[in-house]
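Please consider the predicted model shown below.

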Amino acid sequence: MSTTTSFTTSSTTPAVAVAADAPVGIEELEQAGRAVRAGRFRPDRHRTGDNSGLVCGPDIISGPLVVVAGAHGWSGTSTTALLIADAVTRRGVRARVVDAAAPARSGFAAAAATEHGVDDSGVWRLGSRGGVSLQRLAHPVRRPDGVPVPLPTEEGTLTVVDAGWPITDLLDHLQGGEGRHWLTALLRSAQLVLTARATVPGLRHAEATLQVLDAPGRRIALALVGPRTLPRWLMASAGAAVLTVQREGFLVTVPDRPHLSGAGLTPAPLPRQLHPTGDWLLNLTHPHDQPQTPPQRRPKKYLISHLNTHRKDDLR
């Protein structure tokens, strides 16, 4: 039986900071020309999607939102973001993934089943796979504050943002205060999933990041990429912040798939074995009407013993 979930959405308008006068290069003039042709400088147009990412508040994206950020490099943020988006579509809700990474580091470079070219402004490259729409940067950017504001989306669409930058860069910009960038502002306000590898160094990075992002009443989900069951010796090295996330039920393991680790994301669907993980992450960030339990697997010893018992019964 399929169910359809509706998310509460709100219309928001960002406050865009205007940069001071500076020399303008040819590339900037070309981008401005594309923006003018797209109508983005008309006074009656909403400024969302323009090339300035500086905002005075975090409400830059309307509608439900999840941000996925890595505690360190190559921690599985793109796969985790896609798992959540796929889980949304299985609920009958539209989903999009906004990849904020520089094109050279994008985990979605080969993930689209269909490419739709760039948007009218020439800023975002559009694609889709199944029921998920993909948006990634069309041109290189050098710093997180160069990432433009995402395009507007249809009402009721859940947006999953792959932060796409080293967490140290994002946290440096997070200390900014006035006029800070929309991407780093979301780290303080949006539903956040932090990813890390299920290793001792990965847990150390996760611990340090959780301590910086901690806020009263806020719960951050931690997705550890590695074995389905975390060994005791590994969790013995976990710090207080990681153990608190585990105790509150916000720690989820993302089983490492050798093919995904080697080939990266492709147009092929994600393995069905990962669907329960995506569903659980979605339940933590946007709870479903019916609660679910974390995905679990029977121990191999139990399965072998259970199978031998049935074989003995058949021989009697």
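Strand 3 and strand 4, the latter spanning residues 124–129, pair in the antiparallel sense, and four bridges connect them. Within this pairing, Gly117 lies opposite Leu126 of strand 4.

Both strands belong to an open sheet of nine strands with mixed pairing, arranged in the order 3-4-5-2-6-1-7-8-9. The edges are formed by strand 3 (114–118) and strand 9 (251–255); each has a single partner strand, so one side of each remains without a neighbour in the sheet. From one strand to the next, the twist averages 20°.

Towards the other end of that order, strand 7 (residues 191–197) and strand 8 run parallel and are joined by five bridges. Here Leu194 stands opposite Leu222 of strand 8. Together with helix 5 (residues 200–213), strand 7 and strand 8 make a right-handed β-α-β unit. Strand 8 also runs parallel to strand 9, again with five bridges between the two, and Ala223 has Val252 of strand 9 as its bridge partner.

How many residues of strand 8 are buried? The number is six of the six residues in 221–226, and strand 8 is therefore largely enclosed by the rest of the structure. Buried here denotes a relative accessible area under 20%. In a regular strand, side chains alternate between the two faces of the sheet. In strand 8, Ala221, Ala223 and Val225 point one way, whereas Leu222, Leu224 and Gly226 point the other way, and all of these residues are buried.

Terms used: Residues numbered from 1 in each chain as written. Predicted model: local features only at pLDDT ≥ 70, side-chain atom pairs only at ≥ 80, totals over all residues. Heavy atoms only, no water. Pairing = 2+ DSSP bridges. Axes fitted to C-alpha atoms, helices over the stretch in contact; angles between N-to-C directions. Buried < 20%, exposed > 50% of the residue type's maximum accessible area, 1.4 Å probe, protein only. Right-handed = clockwise from strand over helix to strand, strands pointing away.
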